[in-house]
Amino acid sequence: IGRNVPYVLDPTFLLELSDYDRLEQPSGITGDYLFFYAIGPSIRQRILVNKMAKKLGLKVVSWNPQHYVLDKLLIRNLVQPKIQNPGVWLNLIKNAKFVMPASFHGSVFSVMYGKDFSPLARDKDNRLEIFKEFILNYKTLQNGDLPQIFTPDDVNTKRLEELKTSSLNYLRSALNE
């Protein structure tokens with residue numbers, strides 16, 4: 001287009017957690033759990049979730065009712081919330097002991113809520129490239145039997161805040177032009 005276009009963060013990063021807290025609704029799930037969120041019916045992902053849950057000694061809360069039968073066949077100690085809406089989804093990530101998202105936004109909220117998490121991504125998932133900007137040693141590759149685990153200590157919060165500030169400044173400037 002003949003001009004330099006800056007990169008901005010996904011809008012979900014630009015709001016404050018208090019904005020999302022207003023949307024949150026109780027999940028009805030109690031105790032420690034691993035939250036698994038996937039859109040597609042990947043058998044490989046479910047095998048990895050089952051292995052991680054066993055390693056961590058956690059039950060698994062899965063989200064997608066369309067894949068419940070597949071989940072039930074491949075994942076031990078599985079439960080699903082009775083109600084599934086965005087407020088419950090936020091609550092499940094916020095209160096999980098561990099998160100295994102197979103989606104960009106599942107990873108976003110894992111970072112925002114300071115969760116230990118392992119993204120279940122394909123090696124060439126370009127949507128996850130932004131995480132290399134503020135997560136130390138980020139790789140989407142699976143090493144060994146389990147995917148890479150990230151903790152809040154792996155997140156460069158200073159860099160994330162810089163990206164958030166520059167994104168907001170650019171958007172405000174562009175909207176005022």
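Predicted model: local features only at pLDDT ≥ 70, side-chain atom pairs only at ≥ 80, totals over all residues.
Four of them make an open sheet, and if you read across it the order is 3-2-1-4, with parallel pairing. Strand 3 and strand 4 (98-101) sit at the edges with a single partner strand each, so one side of each has no neighbour in the sheet. As a general point, strands of a sheet pair through backbone hydrogen bonds, either parallel or antiparallel.

How do the pairs line up here? Strand 1 and strand 2 run parallel and are joined by four bridges, and in that pair Y33 is opposite K59 in strand 2. Strand 2 (residues 59-62) also pairs with strand 3, again in the parallel sense, over two bridges. There you can find V60 opposite L78 in strand 3.

Is strand 1 buried or exposed? Five of its five residues are buried, so strand 1 is largely enclosed by the rest of the structure. In a regular strand, side chains alternate between the two faces of the sheet. In strand 1, Y33, F35 and Y37 are on one side, L34 and F36 are on the other, and all of them are buried, so both faces are covered.

Helix 5 (residues 86-95) lies across strand 1, strand 2 and strand 4, at about 135° to strand 1.

## A residue with positive phi

Now have a look at N77, in the loop between helix 4 (68-74) and strand 3 (78-79). Most residues other than glycine have a negative phi. N77 isn't a glycine, yet its phi is positive, near 55°. N77 is also exposed, with a relative accessible area of 52%.

## The largest pocket

Last stop: the largest pocket, with a volume of about 250 Å³. Which elements give two or more residues to its lining? They are helix 6 (104-112) and helix 7 (157-176). Helix 7 provides the largest share of that lining, four residues.

In total, 13 residues line the largest pocket, and V111, M112, T157, L160 and E161 lie nearest its centre. By type, the lining residues of the largest pocket come out as eight nonpolar, two polar and three charged.

Conventions. Residues numbered from 1 in each chain as written. Heavy atoms only, no water. 1 Å grid on protein atoms, 1.4 Å probe; cavity = no way out; pocket = protein on both sides within 12 Å on 5 of 7 lines; lining within 4 Å. Points joined across faces, edges and corners; volume = space filled by probe spheres on them. Nonpolar A, V, L, I, M, F, W, Y, C, P; charged D, E, K, R; others polar. Buried < 20%, exposed > 50% of the residue type's maximum accessible area, 1.4 Å probe, protein only. Pairing = 2+ DSSP bridges. Contact = heavy atoms within 4.5 Å. Axes fitted to C-alpha atoms, helices over the stretch in contact; angles between N-to-C directions.
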